[in-house]
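Hello,

Here is the structure I promised to pass on to you. Please open it first, and then read my notes below.

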Amino acid sequence: MNIMDFNVKKLAADAGTFLSRAVQFTEEKLGQAEKTELDAHLENLLSKAECTKIWTEKIMKQTEVLLQPNPNARIEEFVYEKLDRKAPSRINNPELLGQYMIDAGTEFGPGTAYGNALIKCGETQKRIGTADRELIQTSALNFLTPLRNFIEGDYKTIAKERKLLQNKRLDLDAAKTRLKKAKAAETRASSEQELRITQSEFDRQAEITRLLLEGISSTHAHHLRCLNDFVEAQMTYYAQCYQYMLDLQKQLGSFPSSYHSNNNQTSVAPVPSASSNVIGSSALTSTSSLVITSPSNLTDLKECSGSRRARVLYDYDAANSTELSLLADEVITVFSVVGMDSDWLMGERGNQKGRVPITYLELLN
């Protein structure tokens, strides 16, 4: 019975306090009651904390989008994280593309130029997929997790203490209002006592909140270190991808692509393709070397007088009736013609004759 009476009295007191705060808050909004203002330093700390929270959330969410563009996958990972379970491993986009390329190259034939090139590209895409997976894991551990810990930990504590400070301020201002309205001496004495208590509680809560808010500077310093870790992870990832593509580019130097013309105008001889998207002087040097990877004796072919024998390096489909189709490893007769483009020679196989690209040939002694 005593416990029940205590609980009833406590509920009644809490309800009275809530009602008092609600009345004070409403009167402040209507301009009918005075409001105790926080000191400028505390206001600045509160503003800094709110700004930190807003931008941390935006950076965290956009980083998650950058690392995992698939929204469904992000939701699944979030659910597994809340359940404290490890999300099942799934193949990522570069790995899937790499597998498709390898399968296609295998079906086309590893012995063909296109099939072999597809397999090499697929293997590189898989390596990029592995690097991508490592970037996501490293970034999640060293960058996203600290940001999330701040939002779900430190800032929640700050928000809780800030709300408590707001309630203590409402209690203080309500006590001031009651003191102003007190008429009788006994009521006035009781109101003064209440004001001293609420003022003390407000000051103590303001100090607690201030100490928590001053830790935001340490949070910024910690997030700066995490940002450096994220940049280093990205640098490692892009350096790996660049090296993978550079190696692939060198391997593909021996797999030229034919750019066929649909008209009878003079066309440029096909040369091994080199990606124009690779940035940096190393890439430019590599691109030049790819063009040079054609047989070293092609200069002799262009300068020779009379006919010579040449082995065909790759299959080539004639773009028009002036050209001669080629099959890899066959041997044909070639000779130069006055006025012909320097990238082409005249090829002859039995009764068939037509222009052939010099980059597809190897001069025989």
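Before anything else, please keep in mind that this is a predicted model.

Let me begin with the strands. Strand E3 (residues 344-349) and strand E4 (residues 352-357) are paired antiparallel through six bridges. Together E3 and E4 make a hairpin, with two residues between them. If you look at that turn, you will find Gly350, whose phi is positive at about 60 degrees. Arg349 has Gln352 in E4 as its bridge partner.

E3 also has a link to strand E2 (residues 331-335): these strands run antiparallel and are joined by three bridges. Here Phe335 is the residue that stands opposite Met346 in E3.

Next, a stretch that carries an annotation. An unreviewed UniProt entry lists residues 158-192 as a "coiled-coil region".

Which residues make the nonpolar patch of about 290 Å²? They are Ile54, Trp55 and Ile59. Ile54 belongs to helix H2 (residues 40-67). Is Ile54 buried, exposed or partly exposed? Its relative accessibility is 34%, so Ile54 counts as partly exposed, a class that lies between under 20% for buried and over 50% for exposed.

Note on methods
Residues are numbered from 1 along each chain as its sequence is written. This is a predicted model: local features need pLDDT of at least 70, side-chain atom pairs count only at pLDDT 80 or more; totals for chains, interfaces and linings use all residues. Side-chain values use heavy atoms; hydrogens and water are left out. Two strands pair if DSSP finds at least two bridges between them. Helices (H or I, at least four residues) and strands (E, at least two) are DSSP runs, numbered from the N terminus. UniProt positions are given in the numbering used here, feature names are shortened, and annotations may be inferred rather than shown by experiment. Patches are made of residues with over 30% relative accessible area and no salt bridge: like charges are joined within 9 Å, nonpolar side chains (Val, Leu, Ile, Met, Phe, Trp, Tyr) within 5 Å. Accessible areas come from the Shrake-Rupley method with a 1.4 Å probe; for residues, only the protein chains shown count as cover. A salt bridge is a side-chain nitrogen of Lys or Arg within 4 Å of a carboxyl oxygen of Asp or Glu. Buried means under 20% relative accessible area, exposed over 50%, partly exposed in between (1.4 Å probe, protein chains only).
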